[in-house]
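Reader: I have a model open and would like to talk through how its parts pack together. Could you take my questions as they come?

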Amino acid sequence: MMVSPVSILASLSPYILISALLLYLLLEQLTYLRKKGNLPGPLFVPPIIGNAVLVVRDPTSFWYKQSALAGNSPGLSANYLVGRFIVYIRDTELSHQIFTNVRPDAFHFVGHPFGKKLFGDHNFIYMFGDDHKSVRRQIAPNFTPKALSIYSELMQVIILRHLRLWEESCNGPVSLRNLVRDLNLETSQTVFVGPYLDEEDKNRFRTDYNIFNLGTMTLPFDLPGSAFHKARMAVKRLANILAVCAGNSKARMAAGEEPTCLIDFWMQPIIAEAASGNPPPPHSGDEEIGGFLFDFLFAAQDASTSSLLWAVTQLESKPDVLRRVREEVGSIWSPESNVLITVDQLAEMKYTLNVAREVVRYRPPATMVPHVAAVDFPLTKTYTIPKGTIVFPSVFDSSFQGFTEPDRFDPDRFSETRKEDQVFKRNFLAFGWGSHQCVGQRYALNHLVLFIAMFSTLLDFKRVRSDGCDEIVYCPTISPKDGCTVLLSRRVAAYPDLTLN
């Protein structure tokens, strides 16, 4: 009895599938090893997902190990995450080669290893050349002295309200992480889109932003019901809310009203351009601006949360630094005056600014800045980064290279005498470098200085220490493991009565 070819094929199909799978897995390992070349890194990686589980389970340990593998020479290490070959860069000068070659035919800034999928189409950080320059020119009015002065007033009123709430409602030790996150979310909403969010939008915003945050720390499987998919949908909803805010701001600016928040300062010149009969600037549609606004909010929200938490930990553990901050602020501003800190007074707080800069150097919120190689790129004489590689220049490692006693928290390194921010400026990469350097760094530093000044002046605080409380955790920017748990008490006779001018 003859057996048909179809029957033979059917009986062999399990073996064929198994053989094909084994061949795929073998090719995956060989491809990884070929791309890895002579770089330090694991000799074997788990199939398909690589070491992604390790990143999700304990990102701190994973990235510390990558840094240790990179060492001082060659300053690079390799690994494999969810089908993507990655290169970690510890050496500052090699990191500069990435930052200075962000262009279509070299490296693409992505902000998150799977950022393009997560953040959507209208995203400022993915732009190059004339498009990127055009949007940066549009953004410039957002950070003029007048705009920063208005933001400063808004920040102070919000900071005071939250500090007072923390102190009055906490009867024992409290972890500041979620409290600071809520403070920053209200600050971002108010400063960025002020009067254009109603209470329902604010609540939706808070819920969706938390969903987004969770999604940034999970495996990037975009399946219905997965945390990553929920995060991607949350980003769309948030960008849509912000797009409506942009349209409402345009209408208000067209009516001749004065700017009261960041989106107003952005829309005012766009409306003036249209009123003069010129076509609107490129990338100034509501939908695109909604996407850009989400980029800014993401950058401001989580980075600021990280910096405020580390500021408290360092002030509490460095009594001399805290004393000098209080003395400086007290000589410039008094809570009893019941007036807001002016921008001129803020500029006088030079030591407090140096403390803020040192917080950002010592604990840079975003420890790495992911890019994707668009081509094979010869990074060193002996190693070429393969096309498609996700590259992780380490801002954190650069912060501990070059500087005098880099492991010591020392605000005086930024003094007029030492000027280490200039002497070692190539190592101070917390705000990026090159064409994609953070446009809002003055805004970020002002917020941090105001928080340090008001927190130190209005409250006494004592850290409630536990084993490993100062260890770094990712969520998604870095914060103390215990969320900065403190005891709070009021330091002044009465809180100031601050109102907007």
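Reader: Which hand does the crossing of α9 and α10 have?

Author: In this predicted model, α9 and α10 cross with a left-handed geometry.

Reader: And what are the angle and the axis distance for that pair?

Author: Helix α9, residues 199–216, packs against helix α10, residues 227–254, at an angle of about 145 degrees, and their axes are 8 Å apart.

Reader: Which residues meet there?

Author: From α9 the contact includes D201, R204, F205, D208 and Y209, and among the residues they meet in α10 are F228, K230, A234, R237 and L238. Sorted by class, this contact of α9 with α10 has 12 nonpolar, one polar and five charged residues.

Reader: Changing topic to the sheet: what is the strand order?

Author: Five strands make up an open sheet, ordered β1-β2-β8-β5-β3, and the pairing within it is mixed. The edge positions belong to β1 (76–81) and β3 (107–109), each of which has a single partner strand, so one side of each is left without a neighbour in the sheet. From one strand to the next, the twist averages 30 degrees.

Reader: How is β3 held to β5, parallel or antiparallel?

Author: The two strands run antiparallel, with three bridges joining β3 to β5, which covers residues 371–373. Taking F107 as an example, its bridge partner in β5 is A373.

Reader: One more thing, pockets: how much space lies in the largest one?

Author: The largest pocket holds about 480 Å³ of space. Its lining consists of 21 residues, and those that lie nearest the centre are A347, K350, L353, R357 and R442.

Reader: Which elements contribute to that lining, and which gives the most?

Author: Two or more residues come from each of α7 (145–169), α14 (343–348), α15 (350–362), α17 (420–423) and α18 (441–458). Helix α15 gives the most to the lining, with five residues.

Reader: And how does the lining divide by class?

Author: The lining of the largest pocket divides into 10 nonpolar, four polar and seven charged residues.

How values were computed: Residues are numbered from 1 along each chain as its sequence is written. This is a predicted model: local features need pLDDT of at least 70, side-chain atom pairs count only at pLDDT 80 or more; totals for chains, interfaces and linings use all residues. Side-chain values use heavy atoms; hydrogens and water are left out. On a 1 Å grid over the protein atoms alone, a cavity is a set of points where a 1.4 Å probe fits but cannot get out, and a pocket is an open set with protein on both sides within 12 Å along at least five of seven lines; lining residues have an atom within 4 Å of a point. Grid points are joined across faces, edges and corners, and a volume is the space filled by probe spheres set on the points. Helices (H or I, at least four residues) and strands (E, at least two) are DSSP runs, numbered from the N terminus. Ala, Val, Leu, Ile, Met, Phe, Trp, Tyr, Cys and Pro count as nonpolar, Asp, Glu, Lys and Arg as charged, and the others, Gly among them, as polar. Two strands pair if DSSP finds at least two bridges between them. Axes are lines fitted to C-alpha atoms, for helices over the stretch in contact, and angles run from 0 to 180 degrees between N-to-C directions. A crossing is left-handed if the near helix is turned anticlockwise from the far one by less than a right angle, and right-handed if clockwise. Contact means heavy atoms within 4.5 Å.
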